[in-house]
Structure formats: structure tokens, C-alpha cells
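Please go through the model shown here with its local geometry in mind. The report is arranged by topic.

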Amino acid sequence: MALHGAPSDEEDHVLVQICGLPGSGKTTLAAAVADAVPVVALRVDAIEAAMRRYDVPPEQSGIAAYSVMHAVAGPHLRRGQVVVADAVSPSGAARDGWAGTAAAHGATLRVVEVVCPDPAEHRRRVETRPADLPGFPLPTWDDVRRTAREYEPRHDERLVVDSTRPVADLLPEVLAYLGLAR
């Protein structure tokens, strides 16, 4: 786990961006955070899956799903709630969207980047994980490799977590970084 920047002590409410490559462990970590503390948890894949059920083409549903997440997060942030956004966020434009949403609603943005540095383990996860969203195709290993080639390196303030470590070991550190430790 590597800390790139540190949280301030002045936060009332937070938009948490949990990002990283498909299959890296983002959703597992986001679920663990949501199980540990009261947050509004949003998953871009679930929104995109719903859009596809209504025939929104895949080439449009991804970008639209991010927009929906921003719109859904806004009212919760205005009420001072913590929102956890689980999405790959591979580009500067996607990341700027999270920063803009946080700023527009007076929230502090906290970024947790999930990495799986063991390529064999990452591939095993991608190829063996069960589909949990009806009608939503999980990315293949080739899709993940393509995303990795296009994934823009991050240089912003964030916590980087190695998902080859057990979630139970990561969770206290993540919650402390987010200012949600109990």
C-alpha cells in the first residue's frame, strides 16, 4: 500500500473514487468499505448493465453510466453523505469528472487506486470470476490488457492498494485514509 498525498482533517463528507483495472479488486474493496461503514455505494458496471437492458449500445453506455453516477452522487453529497464510486476511471477526463462532482457539491475527493501487481493472479481473477450482473458481459483478459495499455498513469493524490493482500488487512488502512476509521 502506498500513500500519495494525505487526507485533511476538515472533511465533512467525501466522494471516494475506487479505481483501477477490471479484475483488480475494486468492487471487492468497495463492498468491504460499504459493509464496514454507512456509505452510498455506486458501481458503474451495475448502471451500465441496466442501460444495456434498455438497448443503450455498449459504445454509449460506458460514458453515460459515468454521467448517471455523477448525477446520483450529487444529492447524497449535498446531504453530507459519503459516496463510494466503483469505476475503472482510466483517463484524465473520467478522473476530472469525479473531481468536478466533488467540487460542485462541496465534498472532498479521496482516491483509492487498486492494483494487482501479480499478472498471473490478475488473469486468474478475470478468467474465473462469476458474472454477477445479469446480461452484463465481464471483460476478457484481452479486454483487460487493452484497458491496461490505454490506462493513463495517475499522478494525483491517492492511496494505492495492492489487492493481492487480504481485504481484511487492507480495510483498516483504507478506512483510515478516508477518515472513516472507527
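## Basis

This is a predicted model: local features need pLDDT of at least 70, side-chain atom pairs count only at pLDDT 80 or more, and totals for chains, interfaces and linings use all residues. Residues are numbered from 1 along each chain as its sequence is written, and side-chain values use heavy atoms, with hydrogens and water left out.

Helices (H or I, at least four residues) and strands (E, at least two) are DSSP runs, numbered from the N terminus. Buried means under 20% relative accessible area, exposed means over 50%, and partly exposed lies in between (1.4 Å probe, protein chains only).

## Helix 7

Helix 7 spans residues 167-178, 12 residues in all. From first C-alpha to last it reaches 16 Å, close to the 16 Å expected at 1.5 Å a residue. That expected span is 1.5 Å times one less than the number of residues.

Which residues of helix 7 are buried? They are Leu170, Leu171, Val174, Leu175, Tyr177 and Leu178. They cover an arc of only 155 degrees around the axis, so they sit on the same side of helix 7. The arc is taken from the directions from the helix axis to the C-beta atoms. Gly179 follows helix 7, with a positive phi near 75 degrees.

Helix 2 covers residues 44-53. Its buried residues are Val44, Ile47, Glu48, Ala49 and Met51. They pack against strand 3 (40-43), helix 3 (58-78) and strand 4 (83-86). Contact here means heavy atoms within 4.5 Å.

Asp55 follows helix 2 and is found in the loop between helix 2 and helix 3. Its phi is positive, about 65 degrees, although Asp55 is not a glycine. Most residues other than glycine have a negative phi. Asp55 is exposed, with a relative accessible area of 68%.

## Salt bridges

How many salt bridges does a search of the whole structure find? It finds 11. A salt bridge is a side-chain nitrogen of Lys or Arg within 4 Å of a carboxyl oxygen of Asp or Glu. One of them joins Arg123 to Glu127, with the closest N and O atoms 2.8 Å apart. Both residues lie in helix 5 (residues 119-128), 4 residues apart, about one turn of the helix. An α-helix has 3.6 residues a turn, so residues three or four places apart point the same way. Arg123 is partly exposed, at 39% relative accessible area.

Asp143 bridges to Arg146, with 2.5 Å between the closest N and O atoms. These two are 3 residues apart in helix 6 (residues 141-150), so about one helical turn separates them. Asp143 is partly exposed at 26% relative accessibility, and Arg146 is partly exposed at 38%.

Arg158 and Asp156 form a salt bridge at 3.9 Å, N to O. Salt bridges that share partners join Glu113, Arg154, Asp156 and Arg158 into one network. Arg158 is buried, at 9% relative accessible area, while Asp156 is partly exposed, at 30%.

## The largest pocket

The largest pocket holds about 1,200 Å³ of space. On a 1 Å grid over the protein atoms alone, a pocket is an open set of points where a 1.4 Å probe fits, with protein on both sides within 12 Å along at least five of seven lines. The volume is the space filled by probe spheres set on the points.

The lining has 42 residues, each with an atom within 4 Å of a point. Pro22, Asp45, Glu48, Val88 and Pro139 lie nearest the centre. Helix 1 (26-36), helix 2, helix 3, helix 4 (92-104), helix 5 and helix 6 each supply at least two lining residues. Helix 3 gives the most, with 7 residues.

## The loop between strand 4 and helix 4

Ser89 is found in this loop. Its phi is positive, about 50 degrees, although Ser89 is not a glycine. Is Ser89 buried or exposed? At 0% relative accessibility, Ser89 counts as buried.

Pro90 lies in the loop between strand 4 and helix 4 as well. At 25% relative accessibility, Pro90 counts as partly exposed. Leaving aside neighbours within four places in sequence, Pro90 is in contact with Tyr66, Arg95, Glu150, Tyr151 and Glu152. Phe136 is 46 residues from Pro90 along the chain, and their C-alpha atoms are separated by 20 Å.
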